Every structure is written in structure tokens, then in C-alpha cells.
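Trainee: Can we go through this one together?

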Amino acid sequence: METTVKKYTFRDFASDQEVRWCPGCDDYVILRSMQKALPEMGVNKEDVVFISGIGCSSRFPYYMDTYGMHGIHGRAPAIATGVKLANPGLSVWVITGDGDSMAIGGNHFIHVLRRNIDLNIILFNNKIYGLTKGQFSPTSSVGQKTKSSPYGNTQPPFLAGELAIGSQARFFARIAGNMPGEMTDTLIAAEKFNGTSLIEVLQNCVIFNDGCFTEFTDKTVREDRQLHVVHGEPMIFGKNRDKGLVLNGLKLEVVTIGEQGITEADILVHDACEQDPTLHQMLVRLSFPLVTGIIRSYADITLEEREDALTAKVKANSDFVKTDDLFFSGETYTVE
Amino acid sequence: MINLKNSEQDINALEAVVVRFVGDSGDGMQLTGTQFSDTSAMFGNDVATFPNYPSEIRAPQGSLYGVSGFQVHIGSIEVSTPGDNVDLLVAMNPAGLKTNLYAVKPGHTIIVDSDSFTKKNLEKAEYDTNPLEDGSLENYRVIEVAMSSLTKEALKDLSGLDNKIITRSKNMFALGMVYWMYHRSPEHTIDFVNKKFKNNPLLIEANTRVLNAGYYYSETLELIPNSYTIAPARMPPGTYRVIMGNTATAWGFLAAAEKSGLELFLGSYPITPASDILHELVKHKHFGVKTLQAEDEIAGITSAIGASFAGNLAITTTSGPGLALKGEALGLAMMVELPLVIVDVQRGGPSTGLPTKTEQSDLLQAMYGRNGESPVIVIAASTPANCFDYAFQAAKLTLEHMTPVILLTDGYIANGSAPWKIQSVAELPEIRHRQVKEGGENWSPYHRDEATLARSWAVPGTPGLEHRVGGLEKDADTGNVSYVPENHEYMTHIRAEKIKRVQDFIPEVTPEFADEGDLLVIGWGGTYGALHTAVKQLNQEGFSNIGFAHFNYINPLPPNTGEVLKRFKTLIVCELNSGQFSKILKINFSGLTFLQYNKVQGLPFGNEELVQKFKHYLV
């Protein structure tokens with residue numbers, strides 16, 4: 001049955017709560033992009049649920065005028081899994097940070113991706129612990145000086161996308177925190193994707209890790225240092241649109257179109273829908289250029305689809321309709 | 001069809017009998033015991049069973065620590081425990097005999113498979129001499145039967161069986177013998193075998209032949225001088241089935257889901273001895289039951305919290321160490337005031353402790369094992385069959401009071417089985433959950449019902465009631481995040497008062513055997529059978545001044561608790577821990593003196609130890 005979806009503007013999704021992130025934080029960009037994206041998604045407001053863990057990012061649900069739960073540290077994917085299994089008709093969003101998802105919640109993060117339940121996860125990655133005021137996180141760089149690593153961090157970082165694809169993520173996108181337009185489009189694509197979608201936002205923390213992505217995200221350099229991939233299009237970047245990626249043996253290589261006989265036809269064409277994640281993983285791992293956009297979007301059966309099919313099959317083969325049918329079945333006896 | 005008449009031999013009528021089957025982990029002792037108890041229940045006896053198996057899956061054959069046992073207590077009278085000492089021990093090997101001889105009443109019967117008393121098996125059981133030959137069993141009536149050879153003989157002209165199958169069916173020989181001894185027809189087990197091996201006629205034939213062989217062997221054997229009858233018990237009329245505690249728990253939730261009109265969601269991580277609840281519920285997809293075997297204990301409870309937020313009757317099941325892991329999430333459920341049942345099937349602790357043994361040592365963890373002041377409802381089942389009632393009641397309380405409920409059972413009642421008078425869902429009390437479709441004017445998620453202080457439950461998908469909940473403190477009126485000091489104190493009081501008010505909705509505690517007197521025996525949870533049996537015995541011996549009060553509601557306590565306690569001169573709290581419930585009573589009734597009887601051995605109370613202890617205060 002086709003149900004009518006109401007028309008909304010971004011204001012319909014803003015709650016009456018004062019937003020309390022630090023001035024200049026990229027979190028505001030994400031919030032506004034979300035509020036702009038929701039009216040475009042074709043879902044009713046009452047069917048939208050935001051579930052978060054703990055951290056700066058996880059205050060997000062309070063600012064959305066939808067259903068929401070501010071959960072406990074690291075557990076949002078598990079809470080959201082319960083919400084979605086209980087009511088598969090809901091549009092369920094998980095809001096998490098790099099510490100929340102990859103340190104304390106690492107176990108839930110990998111398993112939610114493995115199961116491929118139809119959730120959307122926005123990972124606010126700022127390579128630092130913000131709410132606890134400045135300790136290194138699982139994505140902090142080696143050598144990074146923080147409150148808990150005054151002489152430099154000695155723990156090698158996770159790459160969120162590498163961990164995610166290693167955990168069988170079917171949808172992975174990486175977006176710079178200062179690009180609201182791309183972010184809105186990506187959020188809409190994530191909602192449309194049937195399965196777990198993970199969007200990593202490279203989010204600047206103005207207080208504890210200011211400039212952590214500037215070398216790739218600053219307006220003056222981003223065209224030259226970011227490759228924004230689009231499914232079906234060649235992997236070309238640069239202010240002059242003359243740089244591109246080719247495969248050289250088992251490595252990606254940056255080439256210049258017009259030099260050494262390279263033409264646009266030689267440049268790799270992005271296939272986000274490919275089942276084999278090898279090339280997606282190489283794109284995620286590339287240190288230059290930084291690859292953004294929807295890197296992987298492979299359609300696969302979801303957990304709830306498997307569960308539904310199994311339930312239908314069991315129901316069809318069962319004589320039990322009411323619990324009494326079970327209670328009085330099999331070996332019973334009567335005392336007069 | 002077997003003729004049940006036991007001719008030419010003495011027939012003795014007994015009120016009750018305790019039989020224990022022991023052998024290697026792979027000898028099929030659990031199956032043998034279950035068949036004997038099911039058959040006896042269908043004959044009309046009251047039954048209580050208890051399995052006792054090692055935590056190793058397949059311990060080395062013949063070893064002392066690999067012995068698996070199953071005890072059955074059947075009676076024409078009320079049977080509340082699986083019994084202490086046994087009237088009949090069936091030992092399939094020397095290790096089984098060695099580890100269980102202590103439990104056999106002097107002068108009573110031991111049946112052994114004499115074929116298994118080889119030099120090798122005697123060495124493994126650390127016997128220096130063969131107990132069948134050295135006179136050490138002269139105080140017992142030992143019946144030596146070459147069960148392995150007789151089984152082989154019974155199957156000799158049945159082609160297509162390998163040695164392993166032949167060896168493994170000797171438990172049926174033992175079962176056949178026991179059926180004859182107690183005038184039980186093997187028909188029920190033959191039906192069972194036909195169903196179990198319906199695709200393998202050879203196994204049906206083999207098991208049936210061996211079972212009948214054991215039966216006829218006893219009939220013609222002069223070694224068994226007596227057979228015994230145990231008349232049907234006088235049970236209330238109704239339709240019954242034998243049920244295990246964990247199954248009863250699972251079914252209680254099925255009934256509650258149907259009664260409340262909600263879908264049932266279970267988020268769980270496997271842990272002994274709670275896993276059977278997951279195993280049972282996962283079968284019932286035909287009722288729309290949703291189960292998630294989560295990645296860990298924390299995801300088990302948090303997925304259940306999510307399902308509850310979205311409108312399901314949500315539960316999570318675990319045992320001691322798992323409850324520790326769920327502590328933080330339980331605090332969240334309490335804070336967001338959503339319905340959630342947490343089942344803790346207690347086992348021996350601390351840490352990994354004694355995973356396959358029973359204990360009542362999680363009580364204080366259930367009461368206080370969370371950060372901050374986070375009271376929840378705590379209730380406890382007390383028999384395998386009433387696990388059904390308390391699971392149902394846990395669901396009813398959580399849905400009507402919008403606060404988490406911890407349901408405590410334990411390994412003893414969870415794995416034990418007993419007759420259950422089947423309860424039709426139509427006969428069960430109504431459950432009125434608090435889901436709302438419309439808010440009315442100035443609706444807020446934290447507005448409360450006057451009688452219960454429960455908030456309303458607006459689930460995602462309901463237009464106009466969009467709201468946020470979370471672990472941060474909430475403003476009492478708006479439900480928004482609030483750090484106001486007075487509000488936090490007010491909310492802390494409200495959450496405590498909300499649990500206290502549950503007292504108005506639970507039954508009073510009613511002492512058994514005496515309303516007042518010299519000694520009140522106090523228990524809670526899974527020790528009901530043992531305590532009830534001991535007090536009953538003393539009562540029958542003429543002590544009319546001893547009463548017994550058993551608690552299923554721990555937090556809050558029944559409203560008349562103090563008044564009942566004051567009617568007895570001496571109070572003794574009996575628990576399978578070092579005194580946790582007595583601490584709770586001391587906090588609540590500081591003017592009273594509570595004596596304690598505690599046991600922390602991973603074992604249930606025995607009848608004799610309790611009777612002796614209580615007599616001490618009565619004379």
C-alpha cells in the first residue's frame with residue numbers, strides 16, 4: 001500500500017532545543033545538511049528515529065524534532081538494530097563519533113556492518129576525543145600530541161573505511177565536513193540504499209584538533225587534493241580536471257592527462273556497485289589524493305529481509321497460531 | 001504390548017522414590033532420566049528432576065570428572081525437590097559408581113553394568129580393587145547386570161548397526177529394567193523413539209528391542225527380588241505436561257506477548273545456564289517472536305532497549321557475569337523508563353565461578369549493581385513450573401509500570417523439571433501496556449500516571465508525539481535534558497517512589513504451616529522446594545510452631561512483610577549465598593534479628609541439613 005508522505009521543510013525537523021556545540025564546529029553543517037536532506041527523502045517525520053551513543057556528536061538527536069534516543073557509549077548500533085527489527089518501517093539513523101564507534105563500540109560497529117540491517121550510520125570523525133576534552137582517539141595519528149599523549153601518540157590509527165569494508169560494509173561514503181551540498185546528497189543516497197550505510201564525515205574539531213583535515217579540505221586545496229568519486233564516472237580530480245587514477249600492477253597511481261600519452265580513456269571508471277571490495281579498499285587507503293564520495297554501494301540482501309523470509313516459511317509450515325496450541329501440544333496428560 | 005503384571009515376586013507400594021542414573025557424558029543419562037520422569041508424570045505421579053552434568057562437552061571416557069547424572073524424584077505424594085539421597089542408583093561405569101555412592105541410602109539398590117568394570121575403567125575411576133568383589137558394597141543391594149553384552153545379544157541378528165550404536169543403546173536396557181522395577185510401561189518411550197528416529201527404522205528397531213530386552217530381563221531375573229508401585233499423586237484436576245524451568249520462562253513471555261497484544265523481542269548472548277531460553281524462543285517465529293543472537297551481552301540488552309523504544313515487549317536473558325556486563329544499559333533502561341525484562345538464571349559465582357552449578361548470589365547485583373541510584377523491580381521464580389508465572393508477571397509489571405524488571409531464576413529450577421498444570425492464555429490476567437496513539441494537550445513523555453507514576457509509551461511511527469529520551473537527567477515536566485540540582489533530586493525520588501508503589505500491585509506474603517509461632521523459615525527464589533519439604537516434615541512430626549515464608553517479590557517486598565515477620569519469635573533466612581536477602585531484610589526491618597542458614601557449594605539445600613538446623617531452634 002502506497003502511503004502519502006507529507007511535505008516538509010528543514011524547519012520541521014529542528015527541535016526547540018538550543019544547539020550547544022562549539023561555535024565553528026562542523027557538527028552544525030551536518031545537522032543542517034540532515035535537516036535539509038530529510039524533506040527530500042520521502043519519509044514521514046514520525047517514522048524517523050535518531051539513535052546516538054556518547055560524545056559531542058551524540059547530542060545530535062536532541063536537536064532533531066523526530067523520535068530519538070541518546071544511548072550509552074558505543075552501543076547505538078545495537079540499540080538501532082533493536083529499533084529496526086521491532087519496526088522495519090522506520091528510517092533509523094545512528095549518530096556516532098570515532099571514539100564511540102571504533103574504541104568502546106568497536107564490537108557493535110563491525111557486527112552491524114556484517115549483518116547489513118537497513119540502518120544509516122553517520123560517523124563524525126575528528127580524530128580526537130572532544131567531550132572528554134582532548135585525548136587521542138582510535139583515528140588519531142601516530143605522534144599526535146594530545147592531553148593523554150603529551151609526547152606523541154604511539155598507537156597506530158584505524159582508517160574508518162578500511163575497518164568498515166573489512167567488516168563487509170555494503171555502503172561506505174566519505175565526505176568532508178565543510179561541504180554541505182555533497183553531504184545532503186550523500187545522506188539522501190544513504191537513506192535510499194537498502195542495507196547498512198556508513199557515512200564518514202571528516203569533521204573538524206575547532207577546540208582540540210583544529211585543522212586536522214585542512215590539508216585536504218581547505219577550500220584553496222581541496223580540488224587538487226581530494227578525489228570526489230562518482231559511480232560510472234572516471235576518477236579525475238584537480239583544479240584543471242587533469243589528474244586521474246590508473247591501476248599499475250596492484251597499486252593505484254596518480255597520472256596527468258595529456259602527459260606521457262595518457263588520455264581520459266585510460267583513467268579508471270568508478271564502480272561503486274561492484275561486489276568485490278578490493279578496489280574500494282584501495283581507494284579508502286589512498287593517502288593522496290584523499291578519496292571522498294560514495295566509494296562503495298553494493299546492493300545485498302538485508303538482515304530483516306532474511307528474517308522476514310524465514311519467519312514466513314516457519315509460519316507456513318506451523319500449525320501453531322495461538323500460544324495455547326503450543327502449550328497443549330505434544331506430551332500432555334489429564335488429571336481428573 | 002508388554003504385560004505389566006509382575007508375577008511371583010514381591011510388590012511393595014511406596015509413597016515416593018528417588019532414582020539417579022549416572023554414566024559417561026555420552027552414555028545418554030539425561031535422555032534416560034527424562035524418559036523415566038516423563039513416563040512417571042504421565043502415569044500420574046508428581047515428579048521433580050535435576051540433571052547434573054560436567055561443564056566439559058565430552059570429558060575423557062570413564063573419567064571421574066566426566067560423569068553425567070540425572071536424578072528423578074517421583075511420588076504419590078507432593079514432590080517438591082529432586083530429593084537428597086537415592087533409593088536406586090543406576091551406574092553405567094565405575095566412575096559413576098565412585099562419584100555417586102555417597103548418595104545411596106544404606107540397604108538400597110545399585111544396578112551396575114558389570115561389563116564396564118574392566119581393569120582399565122577401574123583404574124580411570126581410581127579404584128585399587130574392584131568394588132564389586134572387594135566387599136565394599138556389602139551395605140547395599142547390588143545388582144550386577146552385563147548390560148553391554150546383553151545389549152549386543154539383543155541386537156545380534158539386526159544387520160547394519162555399528163558398534164558405536166550398539167554401545168550407545170545400552171542406556172535403553174537400563175531404562176527397561178527400571179521401568180519393570182517401578183511398574184512403568186515402556187510404551188511412552190517406544191512412542192518417543194518412533195518419533196525421534198522417524199527417518200531411521202533401524203534405530204527405532206534397535207532402541208525398542210534393547211528397551212524391551214531390559215524389561216523382560218528384569219521380569220525373569222531373580223536378582224531383582226522386589227518391584228515397587230508408586231500410586232498416582234493427588235494433583236488438582238487439569239491438563240498437565242512436564243516442563244523445564246527455562247522452557248516455562250520462555251513460555252511465560254510468549255503468553256505475555258499474546259495477552260498484551262505486543263510482539264516479543266529477545267536480544268541475547270549465549271551463556272550457561274540461560275541459553276535454553278534463547279533456544280526455546282527462537283523456535284517460535286510462527287508467533288512472530290523476534291530474536292537476535294547479539295555480538296555480546298551488552299548488545300543483547302541494548303538491542304532489547306531499542307526494540308522496547310520501538311514498541312515491542314522486549315526481554316534479554318543472561319546469567320551472572322552477563323548481568324554484570326548489562327549493568328550500564330540496565331541503568332539506561334531505568335533512566336528512559338522503558339519496559340524491559342532481564343532474566344538472570346543465576347549460577348555459581350563470582351567471575352566465571354561454577355557455570356553449571358546453582359547459587360543465589362546475584363541478588364545484591366540485581367538490586368544495586370548499577371551506577372547512581374537506579375532502582376528496578378526484582379522478582380524471583382521459585383519452582384520450574386512457576387517460572388512461567390513469574391515470567392508472565394515480570395512482563396506485566398514492566399509494561400504497566402514502565403520500568404525494567406529483573407527476573408531471577410537459577411540453574412537448579414531452570415534445568416529441573418516438574419509437572420505444570422497448563423495455563424490457557426485466556427485464564428491469565430490482563431496486561432494493560434501504556435502505549436499511546438494521541439498525547440492530548442501539553443503531552444510530555446515524562447508525564448506520569450497518578451497511581452503508578454509510570455510514564456506513557458509513545459512509540460516511533462506515532463504522529464505528533466515525536467520526542468527524545470536518553471541517559472541524561474530529564475526535566476520532570478518537559479522531558480528535556482536538565483542539570484537543575486533540585487530537578488535531579490526530585491527525579492531520583494520519583495524513580496524510587498515509582499518502584500515502591502509497585503507494592504500496591506503485588507500479592508501479600510502468606511506464611512505456610514503456621515501463621516505465628518516460634519520459628520519462621522524465610523527463603524526466596526529457587527530454594528522453595530527444599531525449604532517447603534523440610535518445614536512440612538517438621539510440621540508432620542508435630543512441630544506446629546514453625547512457619548515458612550517464601551518470597552518471590554524482592555524489590556519491592558510484599559506490603560505485609562514486616563507484619564508477618566513480627567508474628568514469629570525467631571527468624572531464620574536460608575539462602576544459597578552468604579546472606580544477601582538477609583541483608584535486604586535487615587535494611588528494611590532494622591528492629592528485628594535475622595538468623596541465617598547459608599550454603600555456597602554450588603549445590604541446592606538438602607532436606608536433612610535443613611531439618612536438623614530448624615530442630616535446633618524448636619526444642
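**Strands and cores**

Trainee: Which residue in S11(B) is the bridge partner of Phe265(B)?

Mentor: Lys290(B). This is a predicted model: local features need pLDDT of at least 70, side-chain atom pairs count only at 80 or more, totals for chains, interfaces and linings use all residues, and side-chain values use heavy atoms, leaving out hydrogens and water. Residues are numbered from 1 along each chain as written, with chains lettered from A and ligands numbered from 1 in written order.

Trainee: How many bridges join S10(B) to S11(B)?

Mentor: Four, with the strands running parallel. Pairing takes at least two DSSP bridges; strands are DSSP E runs of at least two residues, helices H or I runs of at least four, numbered from the N terminus.

Trainee: What sheet is that in?

Mentor: An open, mixed one of seven strands in chain B, ordered S11-S10-S12-S13-S15-S14-S20. S11 (290-293) and S20 (553-555) of chain B are at the edges with a single partner strand each, so one side of each has no neighbour in the sheet.

Trainee: Now the core. Which residues touch the most other members?

Mentor: Ile522(B) and Phe581(B), in the largest nonpolar core, which has 162 residues. A core is buried Ala, Val, Leu, Ile, Met, Phe, Trp, Tyr and Cys joined through side-chain atoms within 4.5 Å; buried is under 20% relative accessible area (1.4 Å probe, protein chains only). Helix H14 (387-401) of chain B gives the most, nine residues.

Conventions:
Buried means under 20% relative accessible area, exposed over 50%, partly exposed in between (1.4 Å probe, protein chains only).
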